[in-house]
Amino acid sequence: MRIPLFSKGGKREIDPVCDMQVDTGKPPGGSFEYQGTTYYFCGPGCNRAFQREPEAYLSGEKKIQM
Ligand SMILES: [Zn+2]
């Protein structure tokens, strides 16, 4: 379990598309499970982009600059 960076709110994970921190309790872009790991997104656009090309984002080949 990771140590939360902020005392308020729930657990946070990094959006793999844009590297933003997302509250896993209420991810604005929802979540998506890929190969047994759940990823969380800052917005629906990042979620859709990840679902199209998950490998590209996980490998770091692709990034969206926010
Ligand atoms: Zn994002």
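Predicted model: local features only at pLDDT ≥ 70, side-chain atom pairs only at ≥ 80, totals over all residues.
The chain has 66 residues, of which 24% count as buried. When contacts between residues at least 6 apart in sequence are considered, 27% of them join residues at least 24 apart.

The largest nonpolar core consists of 11 residues, namely Val 17, Cys 18, Val 22, Tyr 39, Tyr 40, Phe 41, Cys 42, Cys 46, Ala 49, Phe 50 and Tyr 57. At least two residues of this core come from each of strand S4 (37–40) and helix H1 (44–52), and H1 makes the greatest contribution to this core, with 3 residues. In soluble globular proteins, nonpolar side chains tend to be buried together.

Val 17, one of the residues of this core, is placed in the loop that lies between strand S1 (12–14) and strand S2 (21–23). Val 17 is classed as buried because 26 other C-beta atoms lie within 10 Å, where the cut-off for a buried residue is 20 or more. Leaving aside residues up to four places away in sequence, Val 17 touches Phe 41, Cys 46, Ala 49, Phe 50, Tyr 57 and Ile 64. For Ile 64, the separation from Val 17 amounts to 47 residues in sequence, whereas the C-alpha to C-alpha distance between Val 17 and Ile 64 is 5.9 Å.

Asp 19, which is situated in the loop between S1 and S2, has a positive phi of about 70° although Asp 19 is not a glycine. Asp 19 has 13 C-beta neighbours inside 10 Å and therefore counts as partly exposed, given that a residue is exposed if the number is 12 or fewer and buried if the number is 20 or more. Gln 35, which is found in the loop between strand S3 (31–34) and S4, likewise is not a glycine and has a positive phi, in this case of about 50°. Gln 35 is exposed, because 7 other C-beta atoms lie within 10 Å, and the cut-off for an exposed residue is 12 or fewer.

In the loop between S1 and S2, Val 17 and Asp 19 thus illustrate two classes of burial, with Val 17 being buried and Asp 19 being partly exposed.

How values were computed:
Residues numbered from 1 in each chain as written. Contact = placed C-beta atoms within 7 Å. Helix = DSSP H or I, 4+ residues; strand = E, 2+ residues; numbered from the N terminus. Core = buried A, V, L, I, M, F, W, Y, C linked by C-beta atoms within 7 Å.
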